[in-house]
Amino acid sequence: MKKFIAFLVVVIIGIQFIPVERTNPPVTSDIDTPTEVKAILKKACYDCHSNETDWAWYTKVAPSSFLAVKDVNDGRKHLNFSEWDFNKEAKYKEEIWDEIREEQMPPWQYKIFHSEAKLTQEEKNLLRNWTTNK
């Protein structure tokens, strides 16, 4: 058992030296929304869906760093508020509301360290109204 624990410690220390690229590319086309909506998006979505990621402490410690970088890269590929394509705005809004309504976003694992990302019913209503143009 001692050998296994020693091996595990060596592996955990060793993976800290594997580089991961945490980037924040320039904002090229920011979404234009009402102030209240923008505040909700910034607190619950922007870390994974924009080029304005706040790289928290756990994104610098392996193995969580690997997962965080993968999640941010995947999130930006799917929807990036910092590279907003106004030609696809209706589609984006529909997808945003679908994910929120089905409680897929923000994901549960993100909300563990970011309790502020948990959306209240009032915030969900604001987002629903914005995405459905009511």
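Predicted model: local features only at pLDDT ≥ 70, side-chain atom pairs only at ≥ 80, totals over all residues.
1. Confidence. The protein chain has a mean pLDDT of 95, and 99% of its residues reach 70 or more. Confidence is lowest in helix H1 (residues 2-15), where the mean is 91, and highest in helix H3 (residues 46-49), where it is 98.

2. Nonpolar core. The largest nonpolar core comprises 21 residues. Those with the most contacts inside it are Ile31, Leu41, Phe81, Trp84, Ile96, Leu127 and Trp130. Two or more residues of this core come from each of helix H2 (35-44), helix H5 (89-101) and helix H7 (121-131).

3. Leucine 41. Apart from neighbours within four places in sequence, leucine 41 is in contact with Ile31, Thr33, Tyr46, Phe81, Leu127 and Trp130.

4. Lysine 38. This residue lies in helix H2. Is lysine 38 buried or exposed? Its relative accessible area is 16%, so lysine 38 counts as buried, the cut-off being under 20%. When residues up to four places away in sequence are not counted, lysine 38 touches Asp30, Ile31, Thr33 and Tyr46.

5. Helices H5 and H7. The axes of H5 and H7 come within 9 Å and cross at roughly 155 degrees. H5 is therefore roughly antiparallel to H7, as angles over 145 degrees are classed that way. The crossing of H5 and H7 is left-handed.

6. Residues at the H5–H7 contact. From H5, Lys93, Ile96, Trp97 and Ile100 meet Lys124, Leu127, Arg128, Trp130 and Thr131 of H7. Among these, Ile96, Leu127 and Trp130 are also listed with the most contacts inside the largest nonpolar core.

Key: Residues numbered from 1 in each chain as written. Heavy atoms only, no water. pLDDT = per-residue confidence, 0-100. Helix = DSSP H or I, 4+ residues; strand = E, 2+ residues; numbered from the N terminus. Core = buried A, V, L, I, M, F, W, Y, C linked by side-chain atoms within 4.5 Å. Buried < 20%, exposed > 50% of the residue type's maximum accessible area, 1.4 Å probe, protein only. Contact = heavy atoms within 4.5 Å. Axes fitted to C-alpha atoms, helices over the stretch in contact; angles between N-to-C directions. Parallel < 35°, antiparallel > 145°, perpendicular 65-115°, else oblique. Left-handed = near helix turned anticlockwise from the far one by under 90°.
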